[in-house]
Amino acid sequence: MSHSLDVRVLGPVRLMIDGAPVAVGGPKPRALLAALTVNRRRAVSSQALADIVWNEDPPDSYQASLQVFVSNIRKTLRNSGLDPATVLRTESAGYRLEIPDTGCDLGRFDAARRAGAEAVTAGDHRGASELFGTALAEWSGKALDDLSGLHFAESFATAMDEERLLVASARIDAEIACGRASSVVGELVSMTGEHPLREPLWVQLITALYLSGRQADALEACRRVRAVLADELGIDPGPALAELEQRVLRQEPLNTVDLAKVERLAQAMTETVTETPRSARSGRLRLPDGRAVPIPKGGLKIGRMTDNDLVLDDPKVSRYHAHILPSRAGLLIKDLHSANGIYINEEPIDSGSVLADGDAVRIGATILRFEGSSDAPPTAALTPVAT
């Protein structure tokens, strides 16, 4: 009798055999299993696994500990009737998990997402909606939810949250294209509340309301997004939303497929919607001791916990305090619901602000000077640094 193996990482880490969960162990063996699942069918070196499992600070004896974790997972597989040698293989420099994409939720999510995108290209919006829904059904919570605090887990979760949001948005596009706009209004209200600076979600909400015969509500949503962008970033809506607002005002018919294409060309899930004059496209933070911290292309997280990109050893700084990330308006600094807030040139910001060259950013008791450039090339990745 053959047994089915299924590893879950889009939520808490779980090892399922024949549909039933089996024990893997504590956080370290679960982190090992997660890393091998994310890199399935590829060898991962023991050093790389140790950095993941021990949060980039492995002990000298990590080899022996990894062998114990692997041995215990193999024992679990053997006791469940599987051949552990064919599933969890030893490579010359590390280990490899030999499972198909169908053997983990991450693989099934990716496959359904790709199939949904192909259905959209073929004009099959009903099929696309079903496939995107299948992809989203693979999730059971935040990715690697039980490994919070590990740099590997946080980075993976952040990336996968973005993928999940993109698929949810694509499913909504497909639903609207199928004439089911009213069915997605509630979901879009929640999504715009959670991601108020993502204009494509507002485009979808306004479109769904208008196509549901709710012109007044659509115009109210236009007013709300204008207020959010003005209050948070001091900018106006971009061309796609401005065009949509005019069509709603004139009560014109909407071609939802064309609207979706226009917005996708505007880089669908970026945080903001317009360029501002002489905005900084890249830059660095100057620390009080004179060191310069470049802001990587993927953004910079600031806080007291050691898995931030910039670690500030300051009791007034929250564990995860601020995030600087690229946007179409320039480099945007966001407050991650910190206890003591962020001050730009000694003025508090509400939740986000576009940085300008020379800005003094105060986080806790630390003042960081932003040095921006409008045309500098992307900076290299940053290793954590403490002050």
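Guide: In this predicted model, a residue counts as exposed when its relative accessible area is over 50%, and as buried when that area is under 20%.

Visitor: Is Gly234, in the loop between helix H10 and H11, buried or exposed?

Guide: Gly234 lies in the loop that joins helix H10 (215–233) to H11. Its relative accessibility is 61%, and the cut-off for this class is over 50%, so Gly234 counts as exposed.

Visitor: How many Å apart in space are Gly234 and Ser353, taken from C-alpha to C-alpha?

Guide: Along the sequence, Gly234 and Ser353 are separated by 119 residues. In space, from C-alpha to C-alpha, the separation of Gly234 and Ser353 is 8.4 Å.

Visitor: How are H9 and H11 oriented to each other, roughly parallel or roughly antiparallel?

Guide: The axes of helix H9 (residues 199–211) and helix H11 (residues 239–249) come within 10 Å and cross at roughly 15°. Residues making the contact include Trp202 and Ile206 of H9, together with Leu241 and Leu244 of H11, and the contact residues as a whole comprise 7 nonpolar, 1 polar and 2 charged. Angles under 35 degrees fall in one class, and the two helices H9 and H11 are therefore roughly parallel.

Visitor: Which strands stand at the edges of the open sheet?

Guide: The open sheet is formed by 3 strands in the order E1-E2-E3, with antiparallel pairing. Each edge strand has a single partner strand, so one side of it is left without a neighbour in the sheet, and the strands placed this way are E1 (5–8) and E3 (20–22).

Visitor: Which residue in E2 does Arg8 stand opposite?

Guide: E1 pairs with strand E2 (residues 14–17) in the antiparallel sense over 4 bridges. Within E2, the residue that Arg8 stands opposite is Arg14.

Note on methods: Residues are numbered from 1 along each chain as its sequence is written. This is a predicted model: local features need pLDDT of at least 70, side-chain atom pairs count only at pLDDT 80 or more; totals for chains, interfaces and linings use all residues. Side-chain values use heavy atoms; hydrogens and water are left out. Axes are lines fitted to C-alpha atoms, for helices over the stretch in contact, and angles run from 0 to 180 degrees between N-to-C directions. Angles under 35 degrees count as roughly parallel, over 145 as roughly antiparallel, 65 to 115 as roughly perpendicular and the rest as oblique. Contact means heavy atoms within 4.5 Å. Ala, Val, Leu, Ile, Met, Phe, Trp, Tyr, Cys and Pro count as nonpolar, Asp, Glu, Lys and Arg as charged, and the others, Gly among them, as polar. Buried means under 20% relative accessible area, exposed over 50%, partly exposed in between (1.4 Å probe, protein chains only). Two strands pair if DSSP finds at least two bridges between them.
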